[in-house]
Amino acid sequence: MDVCSNSAKHPVLLKESKTENKDKSQVKFQENELIPKLQENDVYSQAKEECPDSRKDFNDTGSSSLPSIQKFLPINYNSYTKEHYSYAGKNIIIQESIENYGAVVWPGAVALCQYLEQHSEELKLQGAAVIEIGAGPGLVSIVASLLGAHVTATDLPDVLGNLQYNIFENTHHCKVHQPEVRELVWGEDLELNFPKSSHYYDFILATDVVYHHYFLDKLLTTMIHLCQPGTVLLWANKFRFSTDYEFLEKFKEIFNTTLLAEFPESTVKLFKATLKWD
Ligand SMILES: C[S@@+](CC[C@H](N)C(=O)[O-])C[C@H]1O[C@@H](n2cnc3c(N)ncnc32)[C@H](O)[C@@H]1O
């Protein structure tokens, strides 16, 4: 098991300093031997002190913003595993899957979590409105939430079940604003689903959303749509391909871009960006 924690190597900073389910037809993670129970001594040991109903069931809550989550079941239990992280003074357990790209934690997420943890006061994350795009299994959204932000975690429909599961399991027992989980397909129905007039974000978070896929223009359109005056985009990405650098060049034409940190061990770069308004 890969254990990642905030004791990982520091980046090169460049600028700026489930109890048993009542309804067994629903979530079945704990019924199958291949999906180990969350360990009592990890997330829940802290939870017991912080919240009396820390073992409230995944489906036994009004906090889920997605009715379809109630039906989430892994397609293949063999493809699930759990990874442990430690940020914001909490143990975080992320259920991962090999069923799609969005179900594993990518290196950009680890880099951004490390940065958020180390700079949360300077960033004024407490009470900030945050949206994550391409949230995957949710580590960044969970950490932002534990650091005090009001978080909306978004991704493709297929990814939302596991995303909601991880977010719920790692935050429902904490005194935090419960993150919202929403579908956001890059470039699709942006003004309809996230109208600018009612959806202002202090931060947009994006990690490893740039890799070899056909939606890079739509990704850029989405970033632009979500940015309003004052919005800060924090984007961490592992750079591998020439297409990654081509995206970066386009990105820099549209955003005032600062390289905040580089993580040599993972070739991740972390950028801070604001939209050019002229
Ligand atoms: C490489 S994964 C990164 C996941 C997570 N941010 C991390 O760093 O661990 C890319 C994410 O982008 C999402 N994604 C890919 N294409 C998308 C699209 N067209 N619209 C919305 N999300 C998309 C995937 O579902 C996936 O969660």
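Is tryptophan 235 buried or exposed, and what is its relative accessibility?

Modeller: The model is predicted, so local features are given only at pLDDT of at least 70 and side-chain atom pairs only at pLDDT 80 or more, while totals for chains, interfaces and linings use all residues. Residues are numbered from 1 along each chain as its sequence is written, and side-chain values use heavy atoms, with hydrogens and water left out.

Tryptophan 235 has 0% relative accessibility and therefore counts as buried; the term means under 20% relative accessible area, with exposed meaning over 50% and partly exposed lying in between (1.4 Å probe, protein chains only).

The aromatic partners of this residue come next. A search of the whole structure finds nine aromatic pairs. Rings of Phe, Tyr and Trp (its six-membered ring) pair if their centres lie within 6.5 Å; planes under 30 degrees apart count as stacked, over 60 as edge-to-face and the rest as tilted. The rings of tryptophan 235 and phenylalanine 247 are edge-to-face, because their centres are 5.4 Å apart and their planes stand at 75°. Since tryptophan 235 belongs to strand β8 (residues 232-238) and phenylalanine 247 to helix α7 (residues 242-254), this pair ties together parts that are 12 residues apart in sequence. Helices (H or I, at least four residues) and strands (E, at least two) are DSSP runs, numbered from the N terminus. Phenylalanine 247, like tryptophan 235, is buried.

Tryptophan 235 also pairs with phenylalanine 251, in a tilted arrangement with 4.8 Å from centre to centre and 50° between the planes. Here too strand β8 is joined to helix α7, so the parts tied together are 16 residues apart in sequence. Phenylalanine 251 is buried, its relative accessible area being 0%.

These rings belong to a cluster: ring pairs link Trp235, Phe239, Tyr245, Phe247, Phe251, Phe255 and Phe271. One of its members, phenylalanine 239, has the charged end of lysine 269 over its ring, 5.9 Å from the centre. A charge sits over a ring if NZ of Lys or CZ of Arg is within 6 Å of the ring centre and within 35 degrees of the ring normal. The charged end of arginine 182 likewise sits over the ring of phenylalanine 194, at 4.2 Å from its centre.

Helix α7 also packs against another helix. Helix α6 (residues 216-226) and α7 meet at an angle of about 25°, with their axes 11 Å apart; axes are lines fitted to C-alpha atoms, for helices over the stretch in contact, and angles run from 0 to 180 degrees between N-to-C directions. The two helices are therefore roughly parallel to each other, a description for angles under 35 degrees, whereas over 145 is roughly antiparallel, 65 to 115 roughly perpendicular and the rest oblique.

Threonine 267 has a positive phi of about 50°, although it is not a glycine. Threonine 267 is placed in the loop between β9 (255-263) and β10 (268-275), and is partly exposed, with a relative accessible area of 40%.
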